[in-house]
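The sequence and structure come before the details.

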Amino acid sequence: MIAVLLVGFSLLSPYFLTTGNFEAMLGANAVVLIAAIGMTVVFLAGGIDLSISTVISASAVIAGIVMAETDNVTLGLITAVIVGISFGALNGVLIGYFRLTPFITTMATQLIARGIAFVLSHGIAVKGTPYWMLDFGFMVWVGIPAVTLVALGVVLASGIAMSQTKWGRHVMLVGSNVEAARHAGINTQFIQFSVYLFAGALAGVAGFISIANLGNAIPGVGDTLLLIIIGAVVLGGTGMNGGEGSVERTLLGVAILAILTNGLNLVGIPFYDQLIIQGVLIFLGTWLAMRLGSARSA
């Protein structure tokens with residue numbers, strides 16, 4: 001599908017295959033990729049995190065305030081991750097140990113995070129971002145934006161964690177059959193807690209990266225990202241029932257949506273028409289993932 005999109009849009013727009021366009025496309029999707037990796041791990045454990053997009057906003061706002069007050073980028077990063085972990089821990093405790101449903105729990109957390117982001121920022125962008133942070137947002141290393149390299153590092157580390165560690169194997173087993181995993185001696189409550197903690201930490205990193213991308217901490221930066229994040233994970237072939245998929249597949253899902261959005265913009269497709277096309281594509285991706293899952297289990 002990626003090859004078809006690349007060829008098609010390169011024929012429709014002479015600007016599509018330029019270096020500048022690819023750098024812009026890669027940089028613009030770093031936040032989505034980082035957050036989508038967190039959502040993938042939650043999906044693999046059989047859960048869902050509806051709060052991940054607004055945790056991005058809350059992390060960005062609080063980190064932006066800290067950096068504006070201290071001019072310390074490292075402290076800003078640490079703050080963003082701690083904020084993300086805090087929301088992830090809240091989700092993880094309520095879902096893993098108190099057995100609340102992931103949908104309702106993370107929807108409530110979504111509202112809390114969004115409220116905090118707007119209360120602390122008074123609904124406007126938090127200015128005063130250190131100059132190094134602004135420069136970092138424009139840095140390009142070996143032809144790839146620095147923020148994208150950070151996102152790819154997250155993909156690599158997460159892929160290793162899922163495929164090479166006992167924790168990753170337990171996440172897959174819990175997602176496949178939580179009762180069987182419990183009888184096998186796996187601490188399923190801790191696994192469910194840990195995946196939300198993991199997603200929260202990555203939401204914090206994504207919030208921090210959004211400041212580098214946009215130049216300021218925007219309280220509504222994550223408001224439109226939730227469906228894009230879920231769509232990218234589903235398009236990559238990770239099922240929402242758990243135990244099927246990988247973080248590497250999500251990289252492909254993000255690439256498909258990024259190329260599609262960029263190409264549609266270049267050929268002048270109106271924004272709301274783009275939403276229809278993206279929705280249809282996600283439908284097809286979900287159907288295809290279900291078909292492949294059924295074929296593998298047959």
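## Aromatic pairs

The model holds eight aromatic pairs, where rings of Phe, Tyr and Trp (its six-membered ring) pair if their centres lie within 6.5 Å. Planes under 30 degrees apart count as stacked, over 60 as edge-to-face and the rest as tilted. The pair of Trp 167 and Phe 198 is tilted, because the ring centres are 5.7 Å apart and the planes stand at 45°. This pair links distant parts of the chain: Trp 167 belongs to helix α9 (residues 166–176) and Phe 198 to helix α11 (residues 188–214), 31 residues apart. Helices are DSSP runs (H or I, at least four residues), numbered from the N terminus.

The rings of Phe 271 and Tyr 272 have centres 5.2 Å apart and planes at 75°, so this pair is edge-to-face. Both Phe 271 and Tyr 272 are exposed (over 50% relative accessible area; buried means under 20%, partly exposed in between; 1.4 Å probe, protein chains only). Elsewhere, ring pairs join Phe 9, Phe 16 and Phe 22 in a cluster.

## Helix α9

Trp 167, Gly 168, Val 171, Val 174 and Gly 175 are the buried residues of α9. They line one face of the helix, because seen down its axis they fall within an arc of 125°, taken from the directions from the helix axis to the C-beta atoms. Lys 166 and Ser 176, on the other side of α9, are exposed.

The cover over the buried residues of α9 includes α3 (30–44), α8 (146–164), α10 (178–183) and α11, with contact meaning heavy atoms within 4.5 Å.

## Basis

This is a predicted model: local features need pLDDT of at least 70, side-chain atom pairs count only at pLDDT 80 or more, and totals for chains, interfaces and linings use all residues. Residues are numbered from 1 along each chain as its sequence is written, and side-chain values use heavy atoms, with hydrogens and water left out.

Notes:
Helices (H or I, at least four residues) and strands (E, at least two) are DSSP runs, numbered from the N terminus.
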